[in-house]
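Welcome! Let's walk through this structure together, one step at a time.

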Amino acid sequence: MNALVQAVIDLASAHAWLLPAFAVAIVALLVAPLVVDRTGPPPPVEPPREPAPEPAAVTPEAAPRGAPAPAERIAPPPAERVAPAPSAPVEAVPAPAPRVRLADRLARTRSALVGRLGQLVAGRPLDAALLAELEALLFGADLGVKTAESLLEAVRTSAAGGDAQAVRRVLREAILAKLQRVDPGPEVAPRGAPHVILVLGVNGSGKTTTIGKLAARERAAGRKVVLGAGDTFRAAAIEQLEAWGARAGCEVVKGQPGGDPAAVAFDTVKAAAARGADVAIIDTAGRLQTKAPLVEELRKIVRVIGRDCPGAPHETLLVLDANTGQNAISQARVFTEAAGVTGLVLTKLDGTARGGVLVGLADEFGIPVRYVGVGEALEDLRPFSADEFVDALFAPVAGSPG
């Protein structure tokens, strides 16, 4: 290295104009070894790390020429985490309402008749004075004159000299005997194709509602029912029957308001036969029974129905409101003459103290009592049972002796 520096110096002396360049060269030669010694060998260079491939950025392999490119795979988005909603309390399905006891529905009639009877005869022997008071009680119980006299005679002959329990027992047996005459027994099975039921009654008796409940009962028994809106003189009756038909799932045949009721009855029977219905129930006009045209109208309906369907109507039901008391007996007298009533339906027994009229109807007409209405619900139109009715009528009255 020293010889090389000396050679450079000699060369610079010979050529003075090159002296600055030679000075730089000499300095570089002297400094280079020192730099190399201090820094030492360079550290090994680490190769760069390849980043992890992302699924969406992976380039698919080149497909052979002419082959379709493979579909790009797209990773599905991550499922969104949804916090579970708090579980709502499960409402228990309500059990069917228990059947209300008939005794509860007849509470007002029982209190008016049997309750007063217990108060009247309690602790007293059956003498002339008590018989006179008992007569007044029976005549005021809407039993009717004929029935009241009959019951009083039974007490006079069978409970003479007896006490309150004897009077109660004799009256109970006498009333039961009268009602057993009109106990319909098992429900009437359909007798025609269709089985035609004609329903009579004055306005306000619950006639149209009774038809709706009868239709619901027939539908529940698996029978197909067609209803006839024969009360053409009252538009509200047609609308009410249509509402009941929709509720029970029955077709309703109707005519124009003010039209011929017999024509509606005829169309109802024809429609029921054409549609294969099991039962046809026909409503009728509910004007007051004292009007002679109503009687003739009912007779015409009966003739028209029987002409097209032999044996029809198979049942003719008269609906009576128990609240009317003795007027129900006069209604029954006129309607039975006009249309040959085959069964009675006594409604609204739950809201009246005049249910004793049922005993008077049974005693005077002897017509089977098919149903009693003791409430607004469908199940409150109940088949009549003499034993059940008398048991309910003579059930113990709170606060009454005996």
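Which residue in β4 is the bridge partner of Leu227? The partner is Ile281. This is a predicted model, in which local features need pLDDT of at least 70 and side-chain atom pairs count only at pLDDT 80 or more, while totals for chains, interfaces and linings use all residues. Residues are numbered from 1 along each chain as its sequence is written, and side-chain values use heavy atoms, leaving out hydrogens and water.

Let's step back to the strands. The chain has 14 helices and 8 strands, both taken as DSSP runs numbered from the N terminus (helices are H or I, at least four residues; strands are E, at least two). Strands β2 (residues 225-228) and β4 (residues 279-282) run parallel and are joined by 4 bridges; two strands pair if DSSP finds at least two bridges between them. In general, strands of a sheet pair through backbone hydrogen bonds, either parallel or antiparallel.

Here is the whole sheet: it is open, with 8 strands in the order β3-β2-β4-β1-β5-β6-β7-β8 and mixed pairing. At its edges lie β3 (251-253) and β8 (381-383), each pairing on one side only.

Now for the chain overall. Of its 402 residues, 41% count as buried, meaning under 20% relative accessible area with a 1.4 Å probe, protein chains only. Cys250 counts as buried because its relative accessibility is 10%, and Cys309 counts as buried at 10% relative accessibility too. As for disulfides (pairs of cysteine sulfur atoms within 2.5 Å), the count comes to 0.

How values were computed. Buried means under 20% relative accessible area, exposed over 50%, partly exposed in between (1.4 Å probe, protein chains only).
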